[in-house]
Amino acid sequence: MSADRSARTEMVILTGNSYPELAENISSRIKPLGECRVYKKSDKETHVEIRESVRSKDVFIIQTGSTKDPNDNLMELMIMSYACKTSCARNIIGVLPYLPYSKQSKQKKRGCITMKLVAQMLVKAGLTHLITVDLHQKEIQGFFDIPVDNLRASSFLLDYIQQQIPDWRNSVIVARTPNQAKRVTGFAQRLKLNIAVIHGTQDREGESEEADGRNSPPPPSANLDDSSESMSKRRSVFTIPSLALGT
C-alpha cells in the first residue's frame, strides 16, 4: 500500500527570482514549472503566492545564491519553503547550485559561523532535503539536520574542456594557490596534463590565533616595565608618614 502511495506522489517544481533560466531548462526536461509568484511591494518586503495546490506533493524549489543579491535569494527560498510547509507539502527539496554563505564556515576573530545560522534557518523554514554542488567545505553538511546531496561538477567541467577547447591537450592546469594543488592534480590526472602552482605569501592574519584576541594568557605588553614604574610612583603619594608617640 505504501509503495503504491509513494509511486502516485506528484511532483511540483517552483522557482524564485535568482535564476529563472536554469529553472526553465530543468523543467523543460521533466515537467512544466508550477505556478508561483515571488515579488516585492513598495515596502521592499518579499511576498510569495503559490497558485496551485502542493498538498501531499514533493516540491522542488530551484533557487541559487547568486553573488548579486544572496540575501534576497535566501529570503525568497525560506518564505517559499515555509509557504509549502504550511500548505502540507509532503517533501520540500531545495535545489541550490551555489549555497550562499558557504565560505563563512569557520570562525574568525570574534565573529560567528554564519553558515551554521543559515543552515538552521533553512531547516526551520521547512526544507526536508538539500541538493547543492561543490560545497566550499564538505563539513558544511554537518550543519544541517536534513539530508544533503553535495554533487560534483568535475565531470561536466572535463567534458566542457574536451569539447569546447580545440587544442586542450597542449594546455597546463594552474592552481592559483598551493591549497588548490590537490584538486588541480585530480583534473590533471584525468586529462593527462601538467599542472602549475602559483606560490606566494598570503596575509592569514585574520585566521591566526594570536590575532584572534582570545588567546590565553594575553601577549606581553612592550610598555609593561614603564607602566609598573609609573604605578610605583603613584603609590608613593599615599605613603603614610611615621608618627612619633610622646610620653
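**Ser18 and its surroundings**

I looked up Ser18 and found that, leaving out residues up to four places away in sequence, Ser18 touches Gln63, Thr64, Asn73 and Glu76 (contact is heavy atoms within 4.5 Å). A note on the source: this is a predicted model, where local features need pLDDT of at least 70, side-chain atom pairs count only at pLDDT 80 or more, and totals for chains, interfaces and linings use all residues. Numbering runs from 1 along each chain as its sequence is written, and side-chain values use heavy atoms, with hydrogens and water left out.

Ser18 sits in the loop between β1 and α2 (20-29); helices (H or I, at least four residues) and strands (E, at least two) are DSSP runs, numbered from the N terminus. Buried or exposed? Ser18 is buried, at 17% relative accessible area (buried means under 20%, with a 1.4 Å probe and protein chains only). I noted that the Ser18 side chain reaches the backbone nitrogen of Thr64 at 3.0 Å.

**Helix α3**

Next I checked α3, which has 17 residues and spans 24 Å from its first C-alpha to its last, close to the 24 Å expected at 1.5 Å a residue (1.5 Å times one less than the number of residues). Its buried residues include Asn73 and Glu76. The buried residues of α3 pack against β1, β2 (36-40), β3 (46-50), β4, β5 and α4. Just after α3, I found Cys88 with a positive phi of about 65°.

Notes
Buried < 20%, exposed > 50% of the residue type's maximum accessible area, 1.4 Å probe, protein only. Polar contact = N/O pair within 3.5 Å; in protein donor to acceptor, adjacent residues only side chain to side chain.
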